[in-house]
Amino acid sequence: NIDASLPVGTIFGIYKKEEETDGFLQDGRGLVAAGYCLYSATTVLVLTLGSGVDGFTLDPDRGVFLHTHPDIRAPDKGPIYSFNEAHYHDFSNPVKRYLSALKEGSSSVGKRASARYVGALVADVHNVLINGGIYGYPSTRGNPDGKLRLLYECCPMSMIMEQAGGAGSTGYGRILDVQPTEIHQRVPTFLGSIENVFELDRFHSFYGDDDDDDDSDV
């Protein structure tokens, strides 16, 4: 993305050190703060300390961040979906069915959705956070655990989204509840408006046992 002058970002999370556990292998409930910087037309810092989400915009002339987005709240639902549809045929049937519902206008959003995908996690999630919708990096045939890292990508972004009134899920449960077993563990990731993510979870519940090779009813 840098070579093409597209938006990029930095994600961080701060975990509380627990004496009785491995300090690194904590689930997302151990986070005490999380945030990201988005480097785009402006430089934006989005931060949560566990009691809401605030946004700050860099004033390059003064070299300070201005508090431009107090108490960010994600819309309850939204028409934006941000998935890499080049991998559509490798997605599971629940994800395919959900994307079809979004495009047909039969989802809980109530109208046909619009695709917005930059290919940078921070940029895509920021768009969903502000405008409503859902970001997804699902499992695929080649990457059954997805490609995003649980500890330092998925959990911080999920904490931000939850603190803004949204949700973060693997499709089968809350991202922040996943107990990591290794530092670079990956998980399927869905982040966004609470109604969008809840509906995506319901699709996994209803269609999760479908044969992924059977696309006849998608």
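This is a predicted model: local features need pLDDT of at least 70, side-chain atom pairs count only at pLDDT 80 or more; totals for chains, interfaces and linings use all residues.
1. Residues are numbered from 1 along each chain as its sequence is written. Local features need pLDDT of at least 70 and side-chain atom pairs count only at pLDDT 80 or more, while totals for chains, interfaces and linings use all residues, and side-chain values use heavy atoms, with hydrogens and water left out.

2. The largest pocket holds about 220 Å³ of space and is lined by 13 residues, with A120, L121, V122, L148 and E153 nearest its centre. On a 1 Å grid over the protein atoms alone, a pocket is an open set of points with protein on both sides within 12 Å along at least five of seven lines, a cavity is a set where a 1.4 Å probe fits but cannot get out, and lining residues have an atom within 4 Å of a point.

3. Strand β1 (8–15) gives the most to this pocket lining, with four residues, and α2 (121–131) and β8 (133–137) each supply at least two; helices (H or I, at least four residues) and strands (E, at least two) are DSSP runs numbered from the N terminus.

4. About 30 Å³ of space lies in the largest cavity, which is lined by F83, N84, H87, F91, G136, Y137, P138 and T140.

5. All five residues of β8 are buried, that is, under 20% relative accessible area with a 1.4 Å probe and protein chains only. G133, Y135 and Y137 point one way from β8, and I134 and G136 the other way.

6. Strand β8 is joined to β6 (residues 80–82) by three bridges in parallel, and to β10 (residues 189–192) by four bridges in antiparallel fashion, with T189 the bridge partner of Y137.

Key
Grid points are joined across faces, edges and corners, and a volume is the space filled by probe spheres set on the points. Buried means under 20% relative accessible area, exposed over 50%, partly exposed in between (1.4 Å probe, protein chains only). Two strands pair if DSSP finds at least two bridges between them.
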